[in-house]
Amino acid sequence: MEDYKQILVAIDFAEECEKVVKQAASIATTNDAELNLIHVVQPLASTYSTGLAGGFVALQENDIEKSALSAAQDELAQVGVKWNIPLSNQHVVLGYPKDEIHRMAKELDADLIVIGSHGKRGVRLLLGSTANAVLHGATCDVLAVRV
Ligand code: AMP
C-alpha cells in the first residue's frame, strides 16, 4: 500500500461515519499520517429574487447557513475529541461536497481522501452520488469505505 502522510476524511454525520473514521484512523496510525476531517454545509439556494423582499429572504438564508455552519463545527468537534484530531484539522465549509472536498484535498496536499460508499443520501445506489463525484476528478487516492 502507498505510504500516506496526509489523510482527509469526509463526514456527513450519518451513523455509518463511525466506520469511515475508524478505517481512516487505522490507516493513519499504520502510516504515521496526519488526519483531517471535513464536513460541507450546502448553501440553501444559489439564486435569490431581487428587490426588498428578495434581500430579506437572502438575509434570512444567510443566518440559517451561519447556524448550520456553527452546529456542524460543534458536531465535528465531538468527532475530533473522540479520535484525537485537533481543531486545526477540523474543517467545516460552505459549498458543494464534491468541490469542497477536492479543494480541501489540494489545499492540504492530501494523498488520500476517505469517504463512505454511501451516506445520508445515497443508500439506494451502488455508490452514493457524493462518493461517485469525489472519485471522479480526484488528484489523489480515494478510499470508499463500504458502509
Ligand atoms: P453520498 O454519496 O452522498 O451518499 O455520501 C457518501 C459519502 O460522501 C459519505 O459517507 C461521506 O463520506 C461523504 N459526504 C457526503 N456528504 C458530505 C458532506 N456534506 N460533507 C462531507 N462529506 C460528505
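This is a predicted model: local features need pLDDT of at least 70, side-chain atom pairs count only at pLDDT 80 or more; totals for chains, interfaces and linings use all residues.
Two strands count as paired if DSSP finds at least two bridges between them.

Strand E1, residues 6–10, pairs with strand E4, residues 112–116, in the parallel sense over three bridges.

Now look at the side chains of E1. In a regular strand, side chains alternate between the two faces of the sheet. In E1, Gln6, Leu8 and Ala10 point one way, while Ile7 and Val9 point the other way. Whichever way they point, all of these residues are buried, so five of the five residues in E1 count as buried, meaning under 20% relative accessible area.

Next comes the ligand. Of the 18 residues around it, Ala10, Val40, Gly119, Gly128 and Thr130 come nearest. E2, helix H3 (97–108), E4 and helix H4 (129–135) each supply at least two residues of this shell. By class, the shell holds eight nonpolar, eight polar and two charged residues.

A polar backbone atom of valine 40 is 2.9 Å from a nitrogen atom of the ligand. For oxygen atoms of the ligand, a backbone N or O atom lies 3.0 Å away in glycine 116 and 3.1 Å away in alanine 131. Taken alone, the ligand exposes 480 Å², and the protein buries 97% of that.

Key. Residues are numbered from 1 along each chain as its sequence is written. Side-chain values use heavy atoms; hydrogens and water are left out. Buried means under 20% relative accessible area, exposed over 50%, partly exposed in between (1.4 Å probe, protein chains only). Helices (H or I, at least four residues) and strands (E, at least two) are DSSP runs, numbered from the N terminus. A residue is near a molecule or strand if one of its heavy atoms lies within 4 Å of it. A polar contact is a pair of N or O atoms within 3.5 Å; within protein, one must be able to donate a hydrogen and the other to accept it, and residues adjacent in sequence count only if both atoms are side-chain atoms. Accessible areas come from the Shrake-Rupley method with a 1.4 Å probe; for residues, only the protein chains shown count as cover. Ala, Val, Leu, Ile, Met, Phe, Trp, Tyr, Cys and Pro count as nonpolar, Asp, Glu, Lys and Arg as charged, and the others, Gly among them, as polar.
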